[in-house]
Amino acid sequence: MASMEADGPQAPYDPWWAVRRRISAAVAAAGVDPEIERLLLVPERVLEVAVPVRMDDGHVEVFSGWRVHHNVARGPAKGGIRFHPALSAGEVTALAADMTLKTAVVDIPFGGGKGGVACEPGRLSISELERLTRRYTVAIASLLGPDQDVPAPDVNTDERVMAWLLDTMDMLQGRSVPGVVTGKPLSVGGMPMHAGATSSGVVRCVRAVFAATGRPLVGARAVVQGFGKVGGPLAFLLQSAGMRVVAVADVAGAVWNPGGLDVSALAEHARSSGSVAGFVGGTPIASTDLWAVEAELVVPAALEGAIDVDAARRMTASVVVEAANGPMTPAADEVLDRRGVVVVPDILANAGGVTASYFEWAQGRQGYAWDEEMVADRLARTMDRAFGAVWARAQALGVSLRDAAGVVAVERIAAAITARGLFP
Ligand code: NAD
């Protein structure tokens, strides 16, 4: 595959193009039947819907929404629901394909799906957000179900949104269907630890990659981009593991303290002010300078395409663990690869969330509540097993962890497709 000198000519960043490129590379490296590649380069199902909502002042706004099933050979579609103004069909499709790969890397019985609405939730009142969620749920309801498609939270959606989705599905069907959605509140069949499962899984990968590469964890410096549902708990867990979190950014700004930020105080500041910006326990820095901060570890935990070629060239860290989905452009990935930076890819690093979702789905179907110890233990074992499989494949093939994760995933998906055969 030709190397790219910059992010263009595909710039502005096209996440679906980037995932297709990764799938093709993984199929080639795995040596599976090229027909499998043709199946994986096209989503199985893309539903685009209008979501009309009566706003509080009486006028009607019409939002666009999507639900995509990329591939369901290994089980029902699994993937989050994102509310974001820049959302597009291409981005949702890319995220759905990532879910196909991710569920295969951690070897849980799901395929890949994703959905969302192009909207700015911060500008909606709670009642507008609820009406939007319920109307969107009705619009995509024909695709949803414990055996078909099981959504979960993603950017700008949370357990409250999942509870509205659950309630709407229950109302439509006239019965309780707890397995239809994960990331629910505990009071309606949620899973202990679900909210922190993604960050716990990321930290498990940080520990594993530092151990596998002989790097000391305690005292090492970490930079985190994003301080939301993943980045917030993650910064705390990294600090608890003995690391120094030296810089954190969110959409409104970035703060830096070479001695280590007090993450609890930072979280308190972010809770009361809405952002890490303005935190007195650190120095403000430009968001673009975040990547150049002296550190051993960088964890992007915000949005796609955050690390471009320029960021990759300026980065001092020797390990990147991708908590966000697709946080790096392919060109930036090449730069880091050439520089010998170890990258733990998103489809492995942030799979803790979907793993906990699997446990919650199983709990809903069993009608038996799992306790926190069981969740934590199984989550840790699943992440360690997945990291071990990817690490071993990378060593055996002499490829990056990203390529190895792709190979592990594609082999498992190909096995399912081959076992099923082609209908009719
Ligand atoms: P979130 O909405 O809770 O938080 C996003 C964070 O990113 C916020 O702090 C926001 O301020 C910050 N951000 C947004 N734009 C930014 C910018 N330009 N510069 C710096 N910071 C910026 O979302 P989340 O659930 O924490 O998800 C973060 C990433 O992790 C996404 O890529 C998501 O797909 C991925 N992910 C989330 C989960 C999960 O369980 N929530 C699971 C797997 C993957």
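A residue is called buried when its relative accessible area is under 20%, exposed when it is over 50% and partly exposed in between (1.4 Å probe, protein chains only), while helices (H or I, at least four residues) and strands (E, at least two) are DSSP runs numbered from the N terminus. This is a predicted model, in which local features need pLDDT of at least 70 and side-chain atom pairs count only at pLDDT 80 or more, whereas totals for chains, interfaces and linings use all residues. Residues are numbered from 1 along each chain as its sequence is written, and side-chain values use heavy atoms, with hydrogens and water left out.

Helix α10, residues 330–338, is mostly covered, with seven of its nine residues buried; these are P330, A331, A332, D333, E334, V335 and L336. Where contact means heavy atoms within 4.5 Å, the elements that cover the buried residues of α10 include α1 (15–30), α9 (309–314), β11 (319–321), β12 (342–344) and α14 (401–420). After α10 comes G340, which has a positive phi near 80 degrees.

Strand β4, residues 111–117, is also mostly covered, and seven of its seven residues are buried. In a regular strand the side chains alternate between the two faces of the sheet. In β4, G111, G113, G115 and V117 point one way and G112, K114 and G116 the other, and all are buried. Strands are taken to pair if DSSP finds at least two bridges between them. Strand β2 (residues 60–71) runs antiparallel to β4 and is joined to it by six bridges, and N71 has G112 as its bridge partner in β4. Strand β3 (residues 77–83), by contrast, pairs with β4 in the parallel sense over five bridges, with R82 standing opposite G116. Between β3 and β4 the chain passes through helix α3 (residues 89–105), and this β-α-β crossover is right-handed, meaning that, with the strands pointing away from the viewer, the path from the first strand over the helix to the second runs clockwise.

E304 is found in the loop between β10 (297–300) and α9, and it counts as buried because its relative accessibility is 18%. The side chain of E304 makes a polar contact with that of R82 at 3.0 Å, a polar contact being a pair of N or O atoms within 3.5 Å of which, within protein, one must be able to donate a hydrogen and the other to accept it, and for which residues adjacent in sequence count only if both atoms are side-chain atoms. Leaving out residues up to four places away in sequence, E304 touches Y13, R82, E91, L95, N325, G326 and P327.

A polar atom of the D346 side chain lies 2.7 Å from the backbone nitrogen of G326. Among the residues that D346 touches beyond four places in sequence are R22, D98, K102, E322 and R402.

The nonpolar cores, sets of buried Ala, Val, Leu, Ile, Met, Phe, Trp, Tyr and Cys residues joined through side-chain atoms within 4.5 Å, come last. In the largest, which has 85 residues, L238, L297 and V321 touch the most other members, and α14 gives the most to this core, with eleven residues. A second, separate core of 25 residues includes I81, L124, L129 and L166.
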